[in-house]
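Trainee: I have a model open and would like to go through it with you piece by piece. Could we start with the overall layout and then look at single residues?

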Amino acid sequence: MDFSLSEEQTSILSSVDKMISKFLPPEEVRRRDKNYEPPDFLLKHYAELGLLGIPFPEKYGGLNQKWLTVTLVNERLGYYAAIAASLYGTTIGFGGMSFLTYGSEYQKKTYLPKIIDGKLRFSLALTEPTAGTDAGGLITSAKRINNGWVVNGRKTWISGADQADYLVTPVRTDLGSSGSKGVSILLIPRKTDGISMTYLEKVGNNCLTSWDIGFDDVFVNYENIIGEENNGFRNLMSTLHYSRSCQASNAIGQAQNAVDITKNHVLNRIQFGRPLSKFQTIKHRIVDMQLRVDQARFILYKLAWLIDEGKRCRIEAAQAKILASECLQYVTHHGMQLMASYGYSLDSDIQRLWRDSRLYTFGEGANEIQKDIIAKEIGL
Ligand SMILES: Cc1cc2nc3c(=O)[nH]c(=O)nc-3n(C[C@H](O)[C@H](O)[C@H](O)COP(=O)(O)OP(=O)(O)OC[C@H]3O[C@@H](n4cnc5c(N)ncnc54)[C@H](O)[C@@H]3O)c2cc1C
């Protein structure tokens, strides 16, 4: 096993560091979080550095590099700001990898170059008011007419939909079906007549906007289906390891930041005449925090390796998602305890990480369901 990074990976990460320190320094992350202002402008800088082309074949304008490189970049972006990694992960994961994995050649040629240029944004519109963890319970319907579909229904908690050019939307196209059968994935231009959007307020991830979306007789061209008709769930499942790896790398980046912030605080905060870091219980707690981050990171890198080798990775994708999200909650919880009143201040970074962390254990496939996946894979 070789854990070293290639020269190219090191150089890409250093260009990410420079770009973020110039355009999204910590004070800007704080300001945007307080003002609920997503840093959408970052996408053009990602494109300039070639970050959006990393996993895609050269014939579509990509760099044909390893998924491990995507993972490293996303982890580094997550270290600086969750939203910086979300922006990267969703553009590549939901958007690009969906087309690459199950899109038509026409769709790959049309959309991938624009994604790589940072010109297109996507949101996954899967969740519905009555279909969350049980995504197969979706009831948003698409009725076939001459040259397309008419979509009716409602999706909820859709991230970044206000900025998306397209909503990647699983809908029921076999109207008599139920469960995971009879579903297709439609690429719906967000600015289509009949789409209405309501902003949802929440406790964290202030820069990740959330929307409830109504579809009222929305017409979608037939060619806007991605993958085979009525086979949408299988297609969606075939890309989940990409999005789970993005979610996990984002969480691990944030978790490492939380450990570093806390460590820095206990090294400098004097109580009882010495730094907090001199007390053994505090040292041990920081060590436990770093231990969790490293455990999650090892599984994440193994997942990336399996993806690059084209090997089966259902267990590792689920493990990475669980370990990364639980580790993020663990380190931010203990970071808040060790930083006490300093952490509780709205001016601190640890409180933002702590609020944001709550999403990760249930978002992107709840951890309970990840455990079901692992249980099935190991024969339970
Ligand atoms: C900030 C935010 C952003 C989001 N972004 C998106 C997005 O971009 N696109 C999108 O489509 N969705 C998005 N979601 C929706 C998200 O994926 C769902 O919240 C998630 O799938 C869980 O569904 P639910 O909230 O309806 O919970 P429920 O399904 O009601 O689950 C509640 C609890 O019960 C547990 N549970 C459910 N079933 C079982 C079972 N069989 N066994 C054991 N435990 C079970 C769950 O694990 C969970 O802990 C987002 C949500 C949030 C809050």
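Predicted model: local features only at pLDDT ≥ 70, side-chain atom pairs only at ≥ 80, totals over all residues.

Trainee: OK, which domains is the chain divided into?

Mentor: The division gives domain 1 (7-120), domain 2 (123-231) and domain 3 (239-377), with bounds that come from an automatic or database domain assignment.

Trainee: And how far apart are the centres of domain 1 and domain 3?

Mentor: Their C-alpha centres are 21 Å apart. The contact between them draws 21 residues from domain 1 and 23 residues from domain 3, where two residues are in contact if their C-beta atoms, placed from the backbone, lie within 7 Å.

Trainee: Which helices supply the domain 1 side?

Mentor: Helix H2 (26-35), helix H4 (67-80) and helix H5 (82-102) each give at least two residues to the side of domain 1 that touches domain 3; helices here are DSSP runs of H or I with at least four residues, strands are runs of E with at least two, and both are numbered from the N terminus. That side of domain 1 consists of nine nonpolar, eight polar and four charged residues, with Ala, Val, Leu, Ile, Met, Phe, Trp, Tyr, Cys and Pro counted as nonpolar, Asp, Glu, Lys and Arg as charged, and the others, Gly among them, as polar.

Trainee: Switching to helix packing, how do H10 and H12 cross?

Mentor: The axes of helix H10 (residues 314-344) and helix H12 (residues 367-377) come within 9 Å and cross at roughly 150°, the axes being lines fitted to C-alpha atoms over the stretch in contact, with angles that run from 0 to 180 degrees between N-to-C directions. On the H10 side the contact includes Arg314, Ile315 and Ala318, and on the H12 side it includes Asn367, Gln370 and Ile373. By class, this contact has five nonpolar, four polar and four charged residues.

Trainee: Now the strands. What does E3 pair with?

Mentor: Strand E3 (residues 148-159) pairs with strand E2 (residues 141-145) in the antiparallel sense over five bridges, and nine bridges join E3 to strand E7 (residues 210-221), again antiparallel; two strands pair if DSSP finds at least two bridges between them. E2 and E3 form a hairpin with two residues between them, and Arg144 has Trp149 in E3 as its bridge partner. On the E7 side, Gly153 stands opposite Phe215.

Trainee: Is E4 mostly covered or exposed?

Mentor: Strand E4 (residues 166-172) is mostly covered, as seven of its seven residues are buried, where buried means 20 or more other C-beta atoms within 10 Å of the residue's own, exposed means 12 or fewer, partly exposed lies in between, and C-beta atoms are placed from the backbone. Tyr166, Val168, Pro170 and Arg172 point one way from E4, while Leu167, Thr169 and Val171 point the other way.

Trainee: Which strands does E4 pair with, then?

Mentor: Strand E1 (residues 122-124) pairs with E4 in the parallel sense over three bridges, with Leu167 in E4 as the bridge partner of Ser123. Seven bridges join E4 to strand E5 (residues 183-189), and these two run antiparallel; Pro170 stands opposite Ile185 in E5.

Trainee: Last one, what is phi for Asn64 and Asn205?

Mentor: Phi is near 55° for Asn64 and near 50° for Asn205, a positive value in each case. Most residues other than glycine have a negative phi.

Notes: Residues numbered from 1 in each chain as written.
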